[in-house]
Amino acid sequence: MGDELLEMKRIEIIARITDDNGDSLENSLMVWQDTGGWREFPLTSPILRYPGLEIRLDQRRVLRDGVNVRLSKYEYGVLVFLAQHPGWLCSKEQIFQNVWHSDSESCLTAISNTISRIRQKIEPDKDHPIYIQTVSNLGYVFAAEPIKEE
């Protein structure tokens, strides 16, 4: 490592909770970006609520207008990752690393196909998505506003 400097773009502190079945859930507690310092995240509620969409993290369930939606492991992982970061622009590479926990050249196709399947299952009109929106050549944004708990 000599005199070379390490360039850090992002540091993330993550809490991983694993149940007795080995299924785990990860939550970002704090993120440091080289553009602006630390940003804190409170531990999320066990339920993420958006208009017409509810994600019950402790049950690994997704409800669309009160109806259970069956998602694969990776579909659920992508949806949760994006829904836990509403308004954030997430690249395909970031999504792949956070959900698949690996790097791959084939991640672009895997993410595109997974997002397409999620849209078919949760979007009222998959051609005009209100939840997961594409930002051309950059990635995806979870665009719905969370419902604030009172």
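In this predicted model, the buried residues of helix α1 are Glu75, Tyr76, Gly77, Val78, Leu79, Val80, Phe81, Leu82 and Ala83. These make up nine of the eleven residues of α1, so the helix is largely enclosed by the rest of the structure.

The protein chain holds three helices and ten strands. Read from the N terminus, its elements follow the order β-β-β-β-β-β-β-α-β-α-α-β-β. Of the 150 residues of the chain, 34% count as buried.

Helix packing comes next. Two packed helices are described by the angle between their axes and the distance between the axes. Helix α1 spans residues 73-83 and helix α3 spans residues 107-122; their axes come within 9 Å and cross at roughly 85°. An angle from 65 to 115 degrees counts as roughly perpendicular, and α1 and α3 are therefore roughly perpendicular to each other. On the α1 side, the residues that meet α3 are Tyr74, Glu75, Val78, Leu79 and Leu82. Their partners in α3 are Thr114, Ile115, Arg117, Ile118, Lys121 and Ile122. Sorted by class, this contact of α1 with α3 comprises seven nonpolar, one polar and three charged residues. Glu75, Val78, Leu79 and Leu82, which take part in this contact, are also among the buried residues of α1.

Helix α3 has a further partner in α2, which covers residues 92-99; here too the axes come within 9 Å, with a crossing angle of roughly 85°. Helices α2 and α3 are therefore roughly perpendicular to each other. From α2, the contact draws on Lys92, Glu93, Ile95 and Phe96, while α3 supplies Cys107, Leu108, Ala110, Ile111 and Ser112. By class, six nonpolar, one polar and two charged residues form the contact of α2 with α3. Ser91 is found in the loop between β8 (89-90) and α2. With a relative accessibility of 16%, Ser91 counts as buried. Apart from neighbours within four places in sequence, Ser91 is in contact with Leu138 and Gly139.

Attention now turns to the aromatic residues. A pair of aromatic rings is described by the distance of the centres and the angle of the planes. A search of the whole structure finds four aromatic pairs. One of them joins Tyr50 and Phe142 in an edge-to-face arrangement, with 4.6 Å from centre to centre and 65° between the planes. Tyr50 belongs to strand β4 (residues 47-50) and Phe142 to strand β10 (residues 139-142), so the pair ties together parts that are 92 residues apart in sequence. Both Tyr50 and Phe142 are buried. Together with Tyr131, these two residues form one aromatic cluster.

Pro51 is placed in the loop between β4 and β5, and is partly exposed, with a relative accessible area of 47%. Setting aside neighbours within four places in sequence, Pro51 is in contact with Arg64, Tyr131, Glu145 and Ile147. Pro51 and Asp65 are 14 residues apart in sequence, and their C-alpha atoms are 8.4 Å apart in space.

Asp65 itself lies in the loop between β6 and β7 (67-69). This residue is exposed, with a relative accessible area of 58%. Although Asp65 is not a glycine, its phi is positive, at about 50°. Arg60 likewise has a positive phi, near 55°, in a residue other than glycine. The position of Arg60 is in the loop between β5 (53-56) and β6 (61-64), and a relative accessible area of 37% makes Arg60 partly exposed.

Tyr76, in turn, is one of the buried residues of α1.

Notes: Residues are numbered from 1 along each chain as its sequence is written. This is a predicted model: local features need pLDDT of at least 70, side-chain atom pairs count only at pLDDT 80 or more; totals for chains, interfaces and linings use all residues. Side-chain values use heavy atoms; hydrogens and water are left out. Axes are lines fitted to C-alpha atoms, for helices over the stretch in contact, and angles run from 0 to 180 degrees between N-to-C directions. Helices (H or I, at least four residues) and strands (E, at least two) are DSSP runs, numbered from the N terminus. Angles under 35 degrees count as roughly parallel, over 145 as roughly antiparallel, 65 to 115 as roughly perpendicular and the rest as oblique. Contact means heavy atoms within 4.5 Å. Ala, Val, Leu, Ile, Met, Phe, Trp, Tyr, Cys and Pro count as nonpolar, Asp, Glu, Lys and Arg as charged, and the others, Gly among them, as polar. Buried means under 20% relative accessible area, exposed over 50%, partly exposed in between (1.4 Å probe, protein chains only). Rings of Phe, Tyr and Trp (its six-membered ring) pair if their centres lie within 6.5 Å; planes under 30 degrees apart count as stacked, over 60 as edge-to-face and the rest as tilted.
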